Amino acid sequence: MGSYELSLVTLAAIYAMLALSLNLITGFCGQISLGHAAFFGAGAYAAALLSKSGGPFVAALGAGMLVAALFGLVVGLASLRVRHDFLAITTMGVGFLFLGFVRKQKALGAELGISGIPDHGLGAWGLALLAVALTVATAILSLHIRRAWAGRAFAAIADDEDTARTMGIDVVRYKLVAFVMGTAIAGLAGGVFAHFTRFIIPDAFGFTVSISILAMVIVGGIGSTWGVLVGAVMLTLLPELFRFINDYKLLIYGSLLLLVMRFAPGGLAGALAPLFRRAGTAAGGAR
Amino acid sequence: MLQLELTIQGLINGSMYALMAVGLTLVYGLLRILHVAHAGLYTLGAYIAVLIANASGSLLLGAAVAIPAVGLAGMAVYRLLYEPILDRPPYVALIASIGLFIVMEEAYRLVFGPYGETFSTPYLAGRLAIGPIGAKGAEVLMVIAAFGLLTLLALLARRTRFGVAWRATVSDPAMARSFGVDTIKVRYVNFFVASGLAASAAILVAVLNNLVEPTMGSVPSYKTLAIIVLGGLGNVAGTLAASLALGVIEAFGTIYIGHLLDRDAIAFLFLVLVLMIRPQGLFAAK
């Protein structure tokens, strides 16, 4: 594999982590988020700053995770007040707030972002392997949660919050758990991303990115770990493999959102689920 | 004096938001859809108007074609996109609508180019002044158009037979249907009116900036979503108040906290703060 292919693998793994982490919040727990890139960004900025001040790579990744999770906890607490459409708009607002804040902070490089992020010391192979390993770990965590008690509580909340509460499920706690887990993983992805590109600007974490992550979840099949994994890898690689597509990348993402929602709201996983079921393996919990 | 100028500037922007947000809240009130693609129709209106105005030399002709054409396009969006997915969970229509909006923006960029179109002769660029306060002709027209069109809308809703049918459908569709209201027709007219209002807002903005570009809908699209949430989704009077309030808050915010947050973030900061205190919006009845 050349360095170009390696960078594609790393990028696909980063986006797969992001999509899987959004899937925890939106797919499993039913809390729609239109501002996921903000947590990705929070993690990237935190990791970049720590690395630049001389901290080791692992600490930088940890810092990214921690900052994003704290940010996620705050947003999670705030979003307990609102539901459905209001939640969608609130999380979108959080995305714009994050961007608007970062753009104006001299300490964060304002519009110019942060450049010269130190080398992670793993080499291209090492970073690609790390990103893939983290993605696999996220996928395993997702599959495990789905079958664990927490996953069932998430599903109950996604299905009908009031009924879930009546059944004695601690809705507040599980919603916060979903938000913190999802945003922590997004922050981790941000830390890897910052060290992968070694140069970050506010626009790399804007609304378009939030929507791209959402597109991966939707196209793959909201709630399905395997589907989301495939969706993320596909949507990241497609524009790279077919260079002529690159100019039409957003057009394709938009069309996919439109067409999938209009004709196959279960996404890939939903469309393929009957085939898998016949083969004897359930294709996740695609709704 | 600065305060007065900021207030006026805020009211001018607020009028533009109002023209767009009222259409959005009408759609929400009727169908519970967050119609993000509304801003795509808005941009379409500006493009039709600028192309016709430049070809014919008449801005009025451009507006006269663009407004009904965008109204029809809005009806088509309802028929082709929303109608088949009305019974799905609300996020389905929202995400589909975001998808359509992205597709529309990209289509404008690919068809008309990324740099935008300008009017070959700028309109209403002169400055009107009363004493020390002044505004551009296009800005004055914006405020007049917003108040004129929205008053007309309120009158139609109150005084005409169709207005009664429309209000009945908003408050209880099943009941309205059993009283013989053609609720499907109400939906089409609703989309026609909402999209026409968006087109008129876009034409005024295009004249004001003398620029029509593919992304001109981006900022208003998400900001008007914030406005209709603040106005108490589906509440027209609340939306109007929230539009003007946001216009003024932005104008002041850019001056006083502009070093901390950019303009768009100020709008959303206001939104998030309000939602934390009143999750149902500023002016929601229930």
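Analyst: Let's begin with a term: helices (H or I, at least four residues) and strands (E, at least two) are DSSP runs, numbered from the N terminus. In this structure, T225(A) is found in helix α10 of chain A. A word on reading along: this is a predicted model, in which local features need pLDDT of at least 70 and side-chain atom pairs count only at pLDDT 80 or more, while totals for chains, interfaces and linings use all residues. Residues are numbered from 1 along each chain as its sequence is written, chains are lettered from A and ligands numbered from 1 in the order in which they are written, and side-chain values use heavy atoms, with hydrogens and water left out.

User: Is T225(A) buried or exposed?

Analyst: The general idea is relative accessible area: buried means under 20%, exposed over 50%, and partly exposed in between (1.4 Å probe, protein chains only). T225(A) has 4%, so it is buried. Other buried residues of α10(A) include V228(A), L229(A), A232(A) and L235(A).

User: What is T225(A) in contact with, beyond its neighbours within four places in sequence?

Analyst: Contact means heavy atoms within 4.5 Å. By that rule T225(A) is in contact with L20(A), N23(A), F28(A), A139(A), S142(A) and L143(A).

User: What span should helix α5 of chain A have?

Analyst: The expected span is 1.5 Å times one less than the number of residues. Helix α5 of chain A (residues 123-147) has 25 residues and should span 36 Å, and its end C-alpha atoms are 36 Å apart, which agrees.

User: Which chains does the pair of F207(A) and Y222(B) cross between?

Analyst: First its geometry: the ring centres of F207(A) and Y222(B) are 4.4 Å apart and the planes lie at 55°, so the pair is tilted. It crosses from helix α9 of chain A to helix α9 (residues 218-230) of chain B. F207(A) and Y222(B) are both buried.

User: How many residues of chain B are in contact with chain A?

Analyst: 44 residues of chain B are in contact with 35 residues of chain A. Buried area, the accessible area (1.4 Å probe) that two parts lose on being put together, is summed over both. Here the chains bury about 3600 Å² between them, 77% of it on carbon and sulfur atoms. Y91(B), I95(B) and M276(B) supply 16% of the area that chain B buries against chain A, more than any other three residues.

User: Where in chain A is confidence lowest among the helices, and where is it highest?

Analyst: pLDDT is the predictor's confidence in each residue, from 0 to 100. Helix α12 (residues 267-279) of chain A is lowest, at a mean of 70, while α2(A) is highest, at 90. Chain A averages 83, and the mean for chain B is 84. Over residues 280-287 of chain A, pLDDT stays under 50. Where pLDDT is low, the predicted coordinates should not be read in detail. For the complex, the predictor gives an ipTM of 0.78 and a pTM of 0.84.

Definitions and conventions: Rings of Phe, Tyr and Trp (its six-membered ring) pair if their centres lie within 6.5 Å; planes under 30 degrees apart count as stacked, over 60 as edge-to-face and the rest as tilted.
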